[in-house]
Each structure stands twice: as C-alpha cells, then as structure tokens.
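Dear colleague,

I am passing on the structure below, together with notes on what was found in it. Please read the notes alongside the coordinates.

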Amino acid sequence: MGDAAAVQFGPQPLPCAVDLPRALRYLGQRREGLPEHLEQRLQEAADQCASAARPRGVGRAYPLLWGGPGRPVELAGTGVALPGADIARFLEGCTHAVVLAVTLGMESERQLARAQALSPLEGLLADGCASSMAEEAARAASAEIERRARVAGFRPTKRFSAGYGDLPLQLQPDMLRLSGGDKLLGIHVGPSLLMTPMKSVTAVVGLAPLAGPKARDTERR
C-alpha cells in the first residue's frame, strides 16, 4: 500500500486564473453575443480579481474506517464520520481520503466588497470572476493531490464537498479543522456555515490503491 502522508500538501500558493467563460456561466450569460462594453467591463473585473487574489491551498490525508452496512465511513483518529449513502458510494474502493481547503484570501474579499459598493453590475461581475477563480484554485489543488497520489501509489477520486447530496453542510467546521484551512489559511466558518473569506472551498478526495478497483471519478461539489 502507498504512503498516504506523501499526498498531503501545503499550505502553498496555487497557480490559477479567472476562467471568463465559467464566470459568465455563473452569471447566466454566454460570451457569444455579449455586448462589447460588457465584455470590457468583465475583463476589467477579471484583472482586478486576479490582482487581489492570493490563491492558496492545503490538504491533509487520513485513513478511512469502514464500519460495515448501515454505518458511516470515518476519518480514522479524528472522531469525524462522513454520513450518507452518497459519500460512501463515492469513496468505494478507497483506503484513505485527503481533506482539502483552498481560498482566494482576504484581499480578494475586500476587492469584492469594493466592487459591490460601486454598483450592482460591478458586484455581479466581480463575484462571477472570483467564483470562477476559486473553482480554478480548487482544480489546481486537485491536480496537486493527483500528482502526489500517483507517485505514492494511489488513484485519486475527484472532489466531494459537504452540502452535496446527503453529506451534511454541518461538517464544514470539521472539514476546515481537518484540512488545516482554519489555522494555516485563515479561513473561518460562522454559525450560518458560510466561510470567510467567502471565496473558499473545502472538499474530500478519496485515495484508492493503484492495484485495486478503480476509484470513482465523478466530481461532487
């Protein structure tokens, strides 16, 4: 069996950029046929977002404890169970899991607040760009896990976040703590379970031995 500790990473910067087509999809728009003045303002919002963002990520690996039918899979040594049939199916064949966290940082949060104060349109464009870049940061973290996993003898799944399917959002504080995102990245979660900075992501990535059955590769976030 591979060394799951070798799959851990960070805290470290993550290479990423604003994906303009994705930002437009978040806004319910398409680039084709977009008025020139709106495309220019979108590009300006993307430039401001990229200038303010400091994308960083961290991930920590844990063995999985499978308790049998009707019992949730647990992250060994943490006291944290991952309840729900969806996450159990997603992690089928996995022996370990990486809990990851990424964020664009507080300066990105402040830049977004400034844009929202200027006008509703500026706020929407800034939010779409920041959401797009946060997704790209999460993808960069997943790519880092995959690179390390292959070397360590594991086949990784995609991401599965709390709040998707029947995995409760109430696990968000545990995800932050177990990933190290709270102390190492400065991400906080409030009573409403919203994270600060807002443009932050937590997720679980399963690790299956390369010699075993193929791990699931469907992204769930």
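The notes below go from the whole chain to single residues.

This is a predicted model, in which local features need pLDDT of at least 70 and side-chain atom pairs count only at pLDDT 80 or more, whereas totals for chains, interfaces and linings use all residues. Residues are numbered from 1 along each chain as its sequence is written, and side-chain values use heavy atoms, with hydrogens and water left out.

The protein chain has seven helices and nine strands, both taken as DSSP runs numbered from the N terminus (H or I over at least four residues for helices, E over at least two for strands). Along the principal axes, the C-alpha trace spans about 55 × 35 × 30 Å. Buried residues make up 48% of the 221, with buried meaning under 20% relative accessible area, exposed over 50%, and partly exposed in between (1.4 Å probe, protein chains only). Of the contacts (heavy atoms within 4.5 Å) between residues at least 6 apart in sequence, 80% join residues at least 24 apart.

Ser108, in helix 4 (residues 106–118), is buried at a relative accessible area of 2%, and, leaving aside its neighbours within four places in sequence, Ser108 is in contact with Ala52 and Ala53.

A search of the whole structure finds two aromatic pairs. Phe160 and Tyr164 form an edge-to-face pair, 5.4 Å centre to centre and with 90° between the planes; rings of Phe, Tyr and Trp (its six-membered ring) pair if their centres lie within 6.5 Å, and planes under 30 degrees apart count as stacked, over 60 as edge-to-face and the rest as tilted.

Some backbone details may be worth a look. The peptide bond from Gly10 to Pro11 is cis, with omega near 10°, and Pro11 is found in strand 1 (residues 9–13). The bond from Thr196 to Pro197 is also cis, with omega near 0°, and Pro197 is found in the loop between strand 8 (195–196) and strand 9 (200–209). Leu193, a residue other than glycine, has a positive phi near 70°; Leu193 lies in the loop between strand 7 (188–189) and strand 8 and is buried, with a relative accessible area of 16%.

With kind regards
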